[in-house]
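Here is a short report on a predicted model.

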Amino acid sequence: MSNTKKDLRGGRSVWSDSPHTRVSHRSRLVGETCDVAIVGAGVSGALVAARLADDGHDVVMIDRRPLLTGSTRASTAMIQFELDTPLTKLSDQIGAKAAARAYLRSYRAVQSLKQVIKRHGISCGWRDRHALYLAGNEMGWRGLEGEARQRAKLGLPSEFLAQGPLRDRFGIDRTGATWSEGAAELNPVQLAAGCLRAARRLGARIYAPHEIKKVDATGRGVDLTTSEGAVVSARRAIFATGYEVVDPIPKGAFEITSSWAIATKPLDPTALWPSRCLIWEAADPYLYIRTTPDNRIVAGGEDSGLTDPDRRDSATTNKAMQILAKVERLLPGRKLELDYAWAGAFAESSTGLAHIAPIDGWPACLAVLACGGNGITFSQIAAELASRWVRGREDPDADLFR
Ligand SMILES: Cc1cc2nc3c(=O)[nH]c(=O)nc-3n(C[C@H](O)[C@H](O)[C@H](O)COP(=O)(O)OP(=O)(O)OC[C@H]3O[C@@H](n4cnc5c(N)ncnc54)[C@H](O)[C@@H]3O)c2cc1C
């Protein structure tokens, strides 16, 4: 069985010192029987668990690591409906109608995520934000103008900002940008912890650290066996194992890479940019930036195929300095001091869409690979798809995520 444990992160993430991230859980697992078993208690598993427990299902979660120490801790948690693949490009890849559905679904998912947070009273630093998508070497101003037009036709809140207004409003010197409502920033570890606590309150049993080593189909559904030989017997199983693939999840849908991020020391709020919008760019290599409630700048990018943990971690200082220099070039005249630098496993599909689908030949198993720059938006979509799948119904957008 392939379930190799990866080194998912290096360095120290800005969320490492966050309060309110503890979740009570069980450490002794001798055996369990449940309606739905969820393997993986990162932000994806946590959102799925909160939803299914809220739907009234008897849920058991198992994670091989101490809780919330997987890739969720590395996320910079910009919450966007705008996908890594622009609508115009996605239309060429999967057809205009499917691309429109993907964008509209993603827009609704950000709104539903906000409702989930409100419903469970989760304190995770959610702030509504606009998003500024800057012209770069992957898409110039003409492309972005067309992108904004195509989004607006779908009713999505995006408009084009030309060079002059962009410079006047933000002091940013680029040939153009799209300006969109409907984004947000949050603390991903607090979000996941809040969802796990909500699931627990609703009856879910959370076990960690326990590794699922073997999966067997049974007459009732599926048996999951841990490394210590304990068996979790479930009617259905959901694999939200992030960048680690467990048999029988199909491999090869994503190429695993590494991504780096930094956080500056807190700044005077007046040194931040107007509206504190999320800023990202249509460029390769790319840069993206956001703020935190304590007035830091969080920035990331510089992805590379370097996945060996030692080489990845020894590259972190250089990558962090490159990211910081890029932020200083984008937002000149600010004195920035580095406080945190970290690296995390990352992956994207060829379309930028997540893989959330029943596993071929395993009717009782659902795979959730909510990866990429919209990972958390996709985790919310996974919770919605899982809710229908458990009830034997198919979501109208399920085909987009196969
Ligand atoms: C640097 C960086 C920046 C990012 N920025 C953003 C962003 O701005 N916006 C956004 O939306 N997304 C972003 N993402 C992506 C997002 O963070 C990920 O999509 C998300 O963290 C994945 O969550 P997860 O729950 O699927 O994975 P994880 O948090 O890794 O959780 C999976 C869990 O499964 C467990 N597991 C695996 N195998 C087994 C097994 N056999 N038995 C038991 N347990 C198992 C692991 O221990 C782990 O805890 C970013 C990611 C990185 C690395």
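Strand E13 (residues 278-281) and E14 run antiparallel, joined by two bridges. A hairpin of five residues links E13 to E14. Across this pair, Trp280 stands opposite Tyr288 in E14.

On to the next strand. E14 also runs antiparallel to strand E15 (residues 297-304), with five bridges between them. Here Leu287 stands opposite Gly301 in E15. The hairpin of E14 and E15 has five residues between the strands, and in it Asn295 takes a positive phi near 65°.

| Strand paired with E14 | Bridges | Orientation |
|---|---|---|
| E13 (residues 278-281) | two bridges | antiparallel |
| E15 (residues 297-304) | five bridges | antiparallel |

Is strand E14 buried or exposed? Five of the five residues of E14 (residues 287-291) are buried, so the strand is largely enclosed by the rest of the structure. Leu287, Ile289 and Thr291 point one way from E14. Tyr288 and Arg290 point the other way, and they too are buried.

**Domains**

The protein is divided into domain 1 (9-75 + 189-253 + 352-401) and domain 2 (129-183 + 254-348). Their centres, taken over C-alpha atoms, are separated by 29 Å. At the contact, 14 residues of domain 1 meet 18 residues of domain 2. Strand E1 (residues 9-12) gives the most to the domain 1 side, with four residues. By class, that side divides into six nonpolar, six polar and two charged residues.

**Core**

In soluble globular proteins, nonpolar side chains tend to be buried together. The largest nonpolar core in this model has 131 residues. Ala37, Val48, Ala49, Val59, Cys195, Val368 and Ala382 touch the most other members. Domain 1 and domain 2 both give residues to this core, so it lies between them.

What is Val368 in contact with, leaving aside its neighbours within four places in sequence? The partners are Ser44, Val48, Ile238, Phe239, Ala240, Ile356 and Ala382. Among these partners, Val48 and Ala382 are also listed with the core members that touch the most others.

**Ligand shell**

The ligand is surrounded by 40 residues. The closest are Gly42, Gly70, Gly242, Gly344 and Gly375. By class, the shell has 16 nonpolar, 19 polar and five charged residues. Helix H1 (43-54), strand E12 (255-264), strand E16 (338-348) and helix H9 (375-390) each supply at least two residues of the shell. Each of domain 1 and domain 2 provides at least three.

Conventions:
Residues are numbered from 1 along each chain as its sequence is written. This is a predicted model: local features need pLDDT of at least 70, side-chain atom pairs count only at pLDDT 80 or more; totals for chains, interfaces and linings use all residues. A residue is near a molecule or strand if its C-beta atom, placed from the backbone, lies within 6 Å of it. Ala, Val, Leu, Ile, Met, Phe, Trp, Tyr, Cys and Pro count as nonpolar, Asp, Glu, Lys and Arg as charged, and the others, Gly among them, as polar. Domain bounds come from an automatic or database domain assignment. A residue is buried if 20 or more other C-beta atoms lie within 10 Å of its own, exposed if 12 or fewer, and partly exposed in between; C-beta atoms are placed from the backbone. Two strands pair if DSSP finds at least two bridges between them. A nonpolar core is a set of buried Ala, Val, Leu, Ile, Met, Phe, Trp, Tyr and Cys residues joined through C-beta atoms within 7 Å. Two residues are in contact if their C-beta atoms, placed from the backbone, lie within 7 Å.
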